[in-house]
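Subject: Structure handover

Hi,

Here is the structure I promised to pass on to you. Please open it alongside this email, and my notes follow below.

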Amino acid sequence: MCLALPGQVVSLTPHPDPLLLAGKVSFGGIIKTVSLAYVPEVKVGDYVIVHVGFAISIVDEVAAQETLTDLAEMGI
């Protein structure tokens, strides 16, 4: 089973090569560096779905919060 989690982008690390675009993403206060190569249009404050260190899509805040609430209820 694979698990992708929503997180909020808190900073961007621009790079001339779009394949090396990265940023810091907050997962409930835990900050991780994530590749943003698949979502080059992302902005600080956006929510992204992250799988194995790669943001694979941008999601709206309501959907992200619902998922985070569900995960918290499951103890994850």
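Let me begin with the strand pairing. Strand S1, residues 5–13, pairs with S4 in the antiparallel sense, and four bridges connect the two. If you want a place to look, glutamine 8 stands opposite tyrosine 47 in S4. Please keep in mind that this is a predicted model.

S1 also has strand S2 (residues 22–27) as a partner: these two run antiparallel and are joined by five bridges. Here leucine 12 has glycine 23 in S2 as its bridge partner.

S4 in turn is joined to S5 by five bridges, again in an antiparallel arrangement. Across this pair, isoleucine 49 stands opposite serine 57 in S5. As a reminder when you look along any of these, side chains in a regular strand alternate between the two faces of the sheet.

Valine 52 sits in the loop between strand S4 (47–51) and strand S5 (54–59). Is this residue buried or exposed? Valine 52 has a relative accessible area of 67%, so it counts as exposed, the cut-off for that being over 50%.

Valine 52 also belongs to a nonpolar patch on the surface, together with Tyr38, Phe54 and Ile56. The four residues have about 430 Å² of accessible area together.

Finally, the charged pairs. How many salt bridges does the structure hold? There is one, and it is formed by lysine 43 and aspartate 46, whose closest N and O atoms are 3.9 Å apart. Aspartate 46 counts as buried because its relative accessibility is 17%, and the cut-off for buried is under 20%.

Methods:
Residues numbered from 1 in each chain as written. Predicted model: local features only at pLDDT ≥ 70, side-chain atom pairs only at ≥ 80, totals over all residues. Heavy atoms only, no water. Patch = residues over 30% accessible without salt bridge, like charges linked within 9 Å, V, L, I, M, F, W, Y side chains within 5 Å. Areas by Shrake-Rupley, 256 points an atom, 1.4 Å probe, with all protein chains shown as cover. Salt bridge = Lys/Arg side-chain N within 4 Å of Asp/Glu carboxyl O. Buried < 20%, exposed > 50% of the residue type's maximum accessible area, 1.4 Å probe, protein only. Pairing = 2+ DSSP bridges.
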